[in-house]
Amino acid sequence: MRKTKLGAIGMALILSLAACSSGSSTDSSGEADTRPLIATTVSPITSIAASIAGDRARVEGIVPEGTNSHTFEPSPKVAKLLSDADLILVNGLKLEDPTIKMAEANKKSDTQIVEIGTLVLPESDYIYDFSFPKEEGKPNPHLWTDPSYAIKYAGVIRDQLSSLDPENVDYYAENFATFEQQANELSAAVTADQKSVPAGNLKLLTYHDAYAYFAKNYGWTVIGAIQPDNFDDPAPSEVARLIDQVKAENVTTIFGSEVFPSAVLEEVGRATGARYEDSLRDDDLPGAPGDAEHSWLGLMKYNYRTMISGLGGTPTQLDAITVAPATSSSAVYPQ
Ligand SMILES: [Zn+2]
């Protein structure tokens, strides 16, 4: 009996020592890194978190860039990151349920899982549509493509980091102010440049349905999205319906993305005469980790300039935006 008890205490001691050391990594100088560790999911959210965290917290993404985040299942090795993390930031709105499940099973008891999108979007503003039908119970989760929501995301991240690491409250507030200014500049540039698009052309037909909230706020019309709720290619009857709709609405350009290559859009383009622009990036940040444009701002500048020029406009203001290199951030983006 006594022996067993000692054994249990010994085991608890070993476990607690292991927990202490696993939460910190070692930097190049061999010093333990004691900064808070923030686990995030998709790369735009990783980038927004890195903008706020700067060099005072470590940020590590989970969903590899260029993969379908909607069907993503974390591999067992993600459990290690989730068990080390001091804060787990997810989009929520049902985007990352398998990752949340793994986080709940592995996280430290005092680590919070924060569903940022679920926090900032009241249920009355949920958008359900072709790719995210109401009967499936998963609203369209793509808030971060809208600069005004991206600012709200950054605000939630600032508040979470501030309560986790109160010594750096002012630092996180300063980084938030910088992010807010950049996102507002982007928003103003989109608003100005979209006026150069010929009247009646602000219609969006994309493969992946990532712009519903943006379109609502900026006065664009989402004609549709091609990808059905199971993220396969659509049925032939659906393709035929889209072809009719593109013709009826005189859509000039249809947009695909590198993350979801599809022959269906080519077919719709051929059948309607609409130009097929296949280079949207969805949540795959441009360039490589460490590059200036490998950021939320770089991604959104790229996607909005692609859409506006694709629809016949001139993205002068967007081109004038400088995407500054993130000098102090060393976020980890799995590839
Ligand atoms: Zn998506």
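**Entry 1: the model.** I am working with a predicted model, where local features need pLDDT of at least 70, side-chain atom pairs count only at pLDDT 80 or more, and totals for chains, interfaces and linings use all residues. I number residues from 1 along each chain as its sequence is written.

**Entry 2: α7.** I took helices as DSSP runs (H or I, at least four residues), numbered from the N terminus. Helix α7 covers residues 169-193, and I checked its length: its 25 residues should span 36 Å at 1.5 Å a residue, and the end C-alpha atoms are 36 Å apart, so the two agree. The expected span is 1.5 Å times one less than the number of residues.

I then listed the buried residues of α7 (buried: 20 or more other C-beta atoms within 10 Å of the residue's own, with C-beta atoms placed from the backbone). Among them are Tyr 172, Phe 176, Phe 179, Ala 183, Leu 186 and Val 190. The buried residues of α7 pack against α2 (43-53), α6 (147-164), α8 (212-218), α11 (296-310) and α12 (316-320).

**Entry 3: α6 with α7.** The axes (lines fitted to C-alpha atoms over the stretch in contact, with angles from 0 to 180 degrees between N-to-C directions) come within 9 Å and cross at roughly 175°. The pair is therefore roughly antiparallel, the term for angles over 145 degrees. Contact here means C-beta atoms, placed from the backbone, within 7 Å. On the α6 side I noted residues including Ile 151, Ala 154 and Arg 158, and on the α7 side residues including Phe 176, Glu 180 and Ala 183. By class, this contact has 12 nonpolar, four polar and two charged residues. Nonpolar covers Ala, Val, Leu, Ile, Met, Phe, Trp, Tyr, Cys and Pro; charged covers Asp, Glu, Lys and Arg; the others, Gly among them, are polar.

**Entry 4: α2 with α6.** These helices pack at an angle of about 50°, with axes 9 Å apart. The contact involves, among others, Ile 45, Ile 48 and Ile 52 of α2 and Tyr 153, Ile 157 and Leu 161 of α6. I count 10 nonpolar residues, one polar and one charged.

**Entry 5: Trp 144.** I found Trp 144 in the loop between α5 (116-120) and α6. Trp 144 is buried, because 26 other C-beta atoms lie within 10 Å. Leaving aside neighbours within four places in sequence, Trp 144 is in contact with Pro 44, Ile 45, Tyr 149, Ala 150 and Tyr 153. I also looked up Gly 200, 56 residues from Trp 144 along the chain: their C-alpha atoms are separated by 25 Å.

Note on methods:
Helices (H or I, at least four residues) and strands (E, at least two) are DSSP runs, numbered from the N terminus. A residue is buried if 20 or more other C-beta atoms lie within 10 Å of its own, exposed if 12 or fewer, and partly exposed in between; C-beta atoms are placed from the backbone. Two residues are in contact if their C-beta atoms, placed from the backbone, lie within 7 Å. Angles under 35 degrees count as roughly parallel, over 145 as roughly antiparallel, 65 to 115 as roughly perpendicular and the rest as oblique.
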